[in-house]
Amino acid sequence: MIAEPSPAPDTGPKDNDGQEATAPASAVQNGGCVKTPSNLTPKGRRKVREQYENIRKKNISRKRASQPESSEDEVEEMVEAVTLFEVVSLGKRAMQSVVDDWIEAYKEDRDLALLDLINFFIQCSGCQGLVTAEMYQSLHSSDILKKMIEKFDEETGLQYKKIMARPWILTVTWPMELEDEGYPLVKAGPHWKKFKANFCEFTAVLIQQCQYSILYDGYLMNTITSLLSGLTGSVVRAFRHTSTFAALKLVTALVSVIQNLDVSIHKAQQLYEVEKNRTPEGETGPRLDELDRKRKECQQKPVEIENMMNALFRGTFVRRYRDVIPEIRIVCIEEMGSWLKLYPNMFLNDTYLKYVGWMLYDKQAEVRLKCLQGLRGLYERKELVFKMGLFNTRFKSRIVSMTTDKEPEVAVEAMKLVMLMVLHCENTVSSEECEAMYHFVYATYRPLAVVAGELLCKRLFCLPPGEEETPQFKKKNKFVYSLRRLKKLITFFLSHGFHKHVTYLVDSLWDWEDGLLRDWECLTNLLRDKPMRKEEAFTDAQESVLVEIIAAAVRQTAEGHPPVGRGGRKALTAKEKRAQMEDRIRMTERFIIVLPELLAKYSSDTEKVTNFLQIPQYYNLNMYVAGHLEKYLNALLKEVKELVHRHTDLNVLEACSKVYSILCNQQFAFYPVVTEALHQLIDEVAKDFSQLLDDFFQEEEGSGVSEEHIFRMSCALKKLTAFHNAHDLTNWHIGDRTLKILNFEKENGGLPAETLIPALQCSYFALLWKLELATEALVAETPPSQEAISELQEQMTCFRLICESYLNHHNKDVNEKAFILLCDLLIVLSHQGVDEDEDFSLLKFLPDHDLQSRMIEFVKDHVFGENRNITDISLPGSSREQTDLQSDSQLSYFSWGSKTVTSEENIVGEPSPPAEDTALRMAESPEAEALPGEQAEDPEDIDVLDTDEGNL
């Protein structure tokens, strides 16, 4: 940006000789500050601009001449880094040496050095214009306030800012088109990110190095405080943001200085006491007087530093913590949080805490997040919690309500803070509020659920004071210890009844349960062994939950990623993958041995057996051969076979079919054993079904068949249907037999839905397997014969016509099943066959107008019918089947995207209490500001508000 001169007002005060007090000549020449009269023409201003450029070139030449001979790179660096801003921006030199050079310059000519520092802060705001200084002698001059204005020069396109920086009035000149989005603190890119870090380092090193010399001279800090306080009142966002950022970083640096002073004061006091004890009573010496002087000097320094911090705090933070720009509010709250933690003796009181409490209601999520992070740093230290009593009373309810914030990151931070309040502040969070926090273990946002799981573990598994169990007791009585904790967890799950999925509870507790859910020996022994005492026994409901916990823990161990609805798979490091592999091997070794026994013990319990049968899919199947555990494979196959013969529940049958499907893997040596066992089972069930079906048709076309006979036939058909889903049963010709049943019902009727639904499904599976075999043959360039294609087309046509006729079946479940299968079949057939393949083009089928009309009418009648009862619609999540659909639907209560909320509304739809009602003042103080949301009364506060964004 082109540097422009600033017109200097002619109303400045005069010194005793009647001459205007101005900056020294050295400041004008070397500091880049040019003072010009206000009535210059544009031509005169151009001359001043040229003068400024000449002065800058002379400065560069003088700096190069004063340095010894060096390499070309060093010369280039010296040419580039002329001002403090350029040095900090380039970051090529050690910051401490830069500050030391500036301190030496300050000692030689403090006015010149201060003007360099002032120009540094102005340039950090993105302003490349000029700063001119006009000194004044009287603080009572009536013209001073008139100079503290911003005005525009339409003729030259310049804007002027008058700033009081004692003992000067500064005039900053910059083009009117200076964009707020273009100043260094908000620019994107690695260079400006590094500049921001260098800027913070510069302010910290400046205060650190000045603490031994010029920090307490009463001139440096007064000038800087006056300058930054003046800039915070600017309507220009760049000035406001940069000055606030710099002032708050200076306060943080002063906090570090005052912390070091505590050590110095302690040492000085010790030296004084030692010397005083050596000196005879009533006498003094030069050394004792010197030590006493140093002691008093050290004791006085913290008072002076606190005055500096108070001046910066009142001049910047108090005026800008509610600025309309979120970035300014963020930096205010972020620095406040560090002050509270670093120097609680001064800041940890209601006078400062109230600002953090008020900003908990900010409409910007990042501001609320910084408030919670700052508070968490306080509640983590037990020695500071006792000072938070009044704050807890005023703002505890707001913090608890923020666990349902619409921004997930804010909700997670609020949950962490509530957990610290529960653990470190007794009786602050009520039992009812804790119970509400526990429910978040079922949240879809996993970070929130994990924090809730941590809170649940620490509250649920902890014992009252004085009853804690020693590590020796835990190791010696491991079984009893685990039993107690598991019972507490199961009781929590059953008593709340808030959710039906254990999978999400296990995932939430996975990182905090201290190995309880991965102690496979203990978990299985609780089910295998009989309890020694009656009170240790599990009820049937508790056993069911324990089995679900085991199944969920096995899945978590094998897969290593959250369940459906809690994000995708996370990338594991090599160490994590190795640990997961080892855990999976230990799990496999244990369950290969105990699973057959558990299946035999609970063979009559459908729910438990279904969960147990989910475990083999997570095995490391190599362990059967590597561990010489083939005998347990035979035991497993035997128990699964017994379950197939014993059960008719579709969930159990499908789980058994899946076990066979997993074990039928050709890459393992036990593949022939499993295949033979599967074929034997199918032979038995198919033979039984064929016999029952033949008897059915022999008894006068079914007219004399008993209900028991039909029931047995339906059970056998269910088993075949469950296995036909995962296995190719074409060799048993099951589809041909089921088509006979469907045709019989079509012509005669009278069969129950329990028989027709599996017959429809089994016929559909048979057609799909035949189509799959034909497709594979075509890919292998061995196309099936024309007779095989014609036979397949005939079977598909027959099944399609059956489904069409069943659309009018009197049983609702049957006609809905027929409609679904017909839709699936039409989708499959619409993609089969291409023009250049004459054989497969015969299988392609598109529904005619009549069929389309019938299907549309079916949808109208069964979905949009006026007489359809809403309770007929089966809701997902009505059972405990752990399917993906249920996982998604049942967790919708805590879904972050399930409801659109306003900026002041909680996720559950309850609006946050207004700031005027809840964010009460915590302490009466002269500098107390209006609450966020109240109308600003200070005209300077009104000036900083953008008209398009409005006041906070």
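This is a predicted model: local features need pLDDT of at least 70, side-chain atom pairs count only at pLDDT 80 or more; totals for chains, interfaces and linings use all residues.
The chain comprises 952 residues, of which 50% count as buried, and its secondary structure comes to 41 helices and six strands. When contacts between residues at least 6 apart in sequence are considered, 72% of them join residues at least 24 apart.

In soluble globular proteins, nonpolar side chains tend to be buried together. In the present model, the largest nonpolar core contains 245 residues, and the members that touch the most others are Trp 102 and Leu 117. The element that gives the most to this core is helix H10, spanning residues 237-278, with 14 residues.

Aromatic side chains form 36 pairs in the structure. One of these pairs, between Tyr 660 and Phe 723, is tilted, with 5.9 Å from centre to centre and 55° between the planes. This pair links distant parts of the chain, given that Tyr 660 belongs to helix H30 (residues 650-663) and Phe 723 to helix H32 (residues 707-724), the two residues being 63 apart. Both partners fall below the 20% limit for burial: Tyr 660 counts as buried because its relative accessibility is 1%, and Phe 723 is likewise buried because its relative accessible area is 2%.

Helix H32, which carries Phe 723, is mostly covered, with 13 of its 18 residues buried. Its end C-alpha atoms lie 25 Å apart, which agrees with the span of 26 Å that should result for 18 residues at 1.5 Å a residue.

Elsewhere in the chain, a single aromatic cluster is formed by Phe 313, Phe 317, Tyr 321, Trp 339, Tyr 343, Phe 347, Tyr 352, Tyr 355 and Trp 358. Aromatic rings also meet charged side chains: Arg 110 lies over the face of Tyr 219, at 3.6 Å from the ring centre, and the charged end of Arg 398 sits over the ring of Tyr 361, at 4.7 Å from the centre of that ring.

How values were computed. Residues are numbered from 1 along each chain as its sequence is written. Side-chain values use heavy atoms; hydrogens and water are left out. A nonpolar core is a set of buried Ala, Val, Leu, Ile, Met, Phe, Trp, Tyr and Cys residues joined through side-chain atoms within 4.5 Å. Buried means under 20% relative accessible area, exposed over 50%, partly exposed in between (1.4 Å probe, protein chains only). Helices (H or I, at least four residues) and strands (E, at least two) are DSSP runs, numbered from the N terminus. Contact means heavy atoms within 4.5 Å. Rings of Phe, Tyr and Trp (its six-membered ring) pair if their centres lie within 6.5 Å; planes under 30 degrees apart count as stacked, over 60 as edge-to-face and the rest as tilted. A charge sits over a ring if NZ of Lys or CZ of Arg is within 6 Å of the ring centre and within 35 degrees of the ring normal. The expected span of a helix is 1.5 Å times one less than its number of residues.
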